[in-house]
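Q: I am new to this structure. Could you take me through a few of its features?

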Amino acid sequence: MERDFNNDEFEVFLKQKADQCKIYPSEKSWKTVHNALHSRWKFLTFGGSLLFLSGLFFFGNHFNTGKSSNSAAVNKTPGSQNNSVVIPFTPSFTPSNAINPLASNQVQSNESRGFSSLKNPVQAGAIARNSEQSTVNSNVDASARLIKLQPSLLINDLISERMSERDDVAFDKLMNEESNLFAADKMLITPLLEEKAAKQGEIKWLKEMSINNINLKKKSPFNLQFYFSPSVTYRRLADNKSSSHSNQQTIPLSSNNSNIDKYVDHKPSVGAGIGSNILFSASRNLTFKTGLQLNYSRYTIKAYKSYLQKASIALNSLGPVGDTITAYTSFRNFSGYSPEELQNQYLQLSVPIGAELKLLGNKRLQFTVAGTVQPTYLLLNDTYLLSSDYANYAKEPSLVRKWNVHTSMEAFVSYNVGGIRWQIGPQFRYQLLSSYNDRYTIREYLIEYGFRVGVSKTLR
Amino acid sequence: MTEESILQGCLRNESIAQKELYNRYSPKMLAVCYRFGHNREDAEDMLQEGFIKVFSQIHTFRNQGAFEGWIRRIIVHTCINNLKKNKKFSESVDLIHATTMQVREESVPSIVQAKQVVECIRLLPLGYRTVLNLYAIEGYSHKEISGMLEIEESTSRSQYTRAKQMLEDILIRKKILQKPKEKSGFFASFGK
């Protein structure tokens, strides 16, 4: 070293002085750290609770639907009384239970008369077994055999009873007893058989109806939605001088002027959005949705045509020297030889992810609120940027942000007709990040107010 | 609260312990960030990011060294990572650019004591300042610095030599230090 400084001493000196230095951070700084550490848990708790509640709703509904699908097996038939049901019965053949055809026909006749008044599932099961065995031996179409039962008697109960060994014993005993009785009353059998044959047509029809009803599918929780939303777009401008090195500091008009809106004359223009969503009904009132949306947004800027001149756009810079982009333009903000209307236009593709909450209504007419977060990609744009001295408008595509995030809120009235839901209502869409990237010293946020007209249909 | 109880509380993700730890170490760590950062806002951003890492990685602390040293290493690495995101930083640690950099005399502020020294360090060009901070104050070797900044070890040495020269000039110009020929002791003029 030319100054003959002691290296170690110098470093010790520096370290000592640097370590003595303390700077107290702002309270906001701790809040940021704290929020970053604990918001995740809040979110998880909230999200978990939401999921849990949605799950409860879903399974609650599913359980109820399950019950009703079971009861679909015991559907009411047109010809039956309100409290009677029809159950299709599949026969099985057990050789040991083969009995006298004549007797079995009688059994069947008795059974068809007697089952309508059965109320005890165990009894029903025993006689059902009786019935199927008899059917095999009497050459009656077994698949057409139907049993009238009380609504409270479920198929599962019947099957479990059929499978019971104890009932088998009871069944055999009953069969033997009844066979003896029926043999003695041979003269009574013929009219009963005729009656049975006469009812055959009705039985077949009942069977078909019953099977059709059993095969009824549960309504899908998924819906497909299409919508169109005309809107008007406003913009809000704000200062983005994030660095002390920004060249904009040296420009008189722009310095210390955070209200940029005062220096520009812009007015909203009509744009539109179109999209499609898949809706998932988590419960009666809550529906989640996601899809694709195409948005065309624009607004008009009042400017003046002028001779070609240089426009400087100052950039935020982290380094010691600020950067500037120079562009040539013939549009001025304040004065020129003729008024001109410029249009800033954006075509965006977004993926709305959100939920709908039904607040009021019945099956047909409903009032719902909805919200989405929309990661957005800018497909095309035609944008004039304000120069640093606010004097000119120039195009500089490199300063336009490609990825953005929007939020959307809407409230709508929907009406169900013919399995299709029509909806209409106001919507509000807000751009969370500036249209321009962080290097540009002005931030722009687009705000859209519009109406959404949509139609959705259940996916089968 | 003792350091052990703070550590245990932080391991249980308790806000009180976290705030205590933050209050205890953030002033020193903000000074570290301030030496590396472009301005106070930058420094606070780095501090926040660093402390979020500290709290989320606290289970990896093995009690094999000082807790403060462990926090400091995380903070320094956070600062370096932040600086590396800036294109201009990689240019500024380049040796060719370093030779042409000058400090404007009029920009040296009037300051006192430790803060005075820190402000003088901050007057150095970014590349110089970073290497000097890492080598002279944080105690990293040139080999480690070359790895951290992704530069040659020789570049780190040269940067440090030039940074030191420049800082000495600044300190002497600001009369914080005196030339050794004029005084018997280099640090004689500086009140410790």
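A: The conversation below takes up helix packing and nonpolar cores.

A: This is a predicted model, in which local features need pLDDT of at least 70, side-chain atom pairs count only at pLDDT 80 or more, and totals for chains, interfaces and linings use all residues. Residues are numbered from 1 along each chain as its sequence is written, while chains are lettered from A and ligands numbered from 1 in the order in which they are written.

Q: At what angle do α8(B) and α10(B) cross?
A: The axes (lines fitted to C-alpha atoms over the stretch in contact, with angles from 0 to 180 degrees between N-to-C directions) of α8, residues 126-137 of chain B, and α10, residues 153-173 of chain B, cross at roughly 100 degrees and come within 8 Å. α8(B) and α10(B) are therefore roughly perpendicular, a term for angles of 65 to 115 degrees. Helices here are DSSP runs of H or I with at least four residues.

Q: Which residues meet there?
A: Among them are B:Leu132 and B:Tyr135 in α8(B), and B:Met166 and B:Leu167 in α10(B). Contact requires C-beta atoms, placed from the backbone, within 7 Å.

Q: New topic: how many residues has the largest nonpolar core?
A: The largest nonpolar core has 56 residues, and those with the most contacts inside it include B:Cys79, B:Leu132 and B:Leu167. Such a core joins buried Ala, Val, Leu, Ile, Met, Phe, Trp, Tyr and Cys residues through C-beta atoms within 7 Å, buried being 20 or more other C-beta atoms within 10 Å of a residue's own.

Q: Which helix gives the most to this core?
A: Helix α2 of chain B, residues 15-36, gives the most, with 11 residues.

Technical notes:
Helix = DSSP H or I, 4+ residues; strand = E, 2+ residues; numbered from the N terminus. Parallel < 35°, antiparallel > 145°, perpendicular 65-115°, else oblique. Contact = placed C-beta atoms within 7 Å. Buried ≥ 20, exposed ≤ 12 C-beta atoms within 10 Å, placed from the backbone.
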